Amino acid sequence: MDHFLTARLASRNLNIVVLCHNAFLFFTSRTRSISNTIHHKGGNFDVYSLINLCELCPEMALKLLKRLQLKNPDGSNATVDLLRNYGFSETQLCRLVKRQPSVLLSKKLKFLHSIGFSTTDLPKILIGNTSILGLSLTKTIIPRYKIIRSLVSNDKEAVSTLKHGLWFFNRRNGMDDSVSNIEVLRQLGVPQSSISLLVTNFPTVAFMKHLRFVTAVNKVKEMRFDPLKSNFLLAVQVLTKMNEVMWKSKLEIFEKWGWSRDMCLTAFKSHPHYIMASEKKITKVLSFLAKDMGLPLEDICPAIFNNNLEKTVIPRFAVVKILKSRGLVKSDLKLSSFVRISEKVFLERYVTRFQKIAPLLFKGT
């Protein structure tokens, strides 16, 4: 038995000596040409090529090579092959290893792939969020993933949340706050579909400090929003970005144009995001609609403030004006009926169908 163990140890040490020798030869002959490294003969791309391309310091490179050999005696290149199977190109591998060399030793990619990250997602997300690779898989990543999974309906929604950014993985308090925040919503009867919408699309709100979140929720409750409707959480999302001074400032802008406080609040209930428009945009939109088009203030739908004035609103008004002058649409056509629809629907409803009736209708306009 002693002879057997001695032989095993000798063999293992010999592998390390050979590895170190190869590394020494590698570094003494390393080239600075990236193109020569990637496009070498036969198209092979091994761990030596990768470390050379990344231009790691010899000490770090040798340390990685040793650990890779000990961890994977069957071939350190298996790690590189695995990364390439997860969708990383040579260039992406180099960028990742430069930022987080320990990725060559990490099991975290396997976990992320197992929960639903595709080979397209992994390179794009991890290159921009390498800090996650420095976190413990068992003590941090998996427990925090389970927290996120408990907030949404399924694995797909959990992965969608993570795709918006992995910044909250580094904040233990943020994870705790998210649980408390969602519990507040559940106690109010907010449906899971709305909660999932908040967590997946607005994680900065779901994971924000609990006190700030509760303050926004209480304001929305005071405005008598219905917790069963999605606008409840859209209003919460808006108010978390606005302090009292900003809120009053926006109301004052609309009041200068003739909107009453009640009109502003009614508009906020139907379309919360309208209040986020800049003062410049509010002024331009109201100037065009009220002054140029002569629309009564009560006919101006709040959703229009989230449309592009020059690219959407003004061109559509021009088309509708022509149609009205020809008697092809009602003269009292509501603003929302042609501004809030998609470009495809607008073309089908107000352009294509009338071109068949009168081909020259829009010519020269």
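# How do we know? Questions about a predicted chain

Guide: Let's start with confidence: the chain's mean pLDDT (the predictor's confidence in each residue, from 0 to 100) is 78, and 72% of its residues reach 70 or more. This is a predicted model, where local features need pLDDT of at least 70 and side-chain atom pairs count only at pLDDT 80 or more, while totals for chains, interfaces and linings use all residues. Residues are numbered from 1 along each chain as its sequence is written, and side-chain values use heavy atoms, with hydrogens and water left out.

Visitor: Where is confidence lowest, and where is it highest?

Guide: Helix α2 (residues 34-38) is lowest, at a mean of 36, and helix α14 (residues 210-222) is highest, at 96. Also, over residues 12-45 the pLDDT is below 50.

Visitor: Why is C264 called buried?

Guide: Buried means under 20% relative accessible area, exposed means over 50%, and partly exposed is in between (1.4 Å probe, protein chains only). C264 has 0% relative accessibility, so it counts as buried. C301 is buried too, because its relative accessible area is 12%. Across the 365 residues of the chain, 43% count as buried.

Visitor: How many disulfides does a search of the whole structure find?

Guide: The search looks for a pair of cysteine sulfur atoms within 2.5 Å, and it finds 0.

Visitor: Which residues of α15 meet which residues of α17?

Guide: Contact means heavy atoms within 4.5 Å. N231, A235, V238 and L239 in α15 meet F268, K269 and S270 in α17. Helix α15 (residues 231-239) and helix α17 (residues 261-270) pack at about 115°, with axes 8 Å apart. Those axes are lines fitted to C-alpha atoms over the stretch in contact, and angles run from 0 to 180 degrees between N-to-C directions.

Visitor: How far is the side chain of N231 from the backbone oxygen of S270?

Guide: A polar atom of the N231 side chain lies 3.2 Å from that oxygen. Leaving aside neighbours within four places in sequence, N231 is in contact with F225, K269, S270, H271 and P272.

Conventions: Helix = DSSP H or I, 4+ residues; strand = E, 2+ residues; numbered from the N terminus. Polar contact = N/O pair within 3.5 Å; in protein donor to acceptor, adjacent residues only side chain to side chain.
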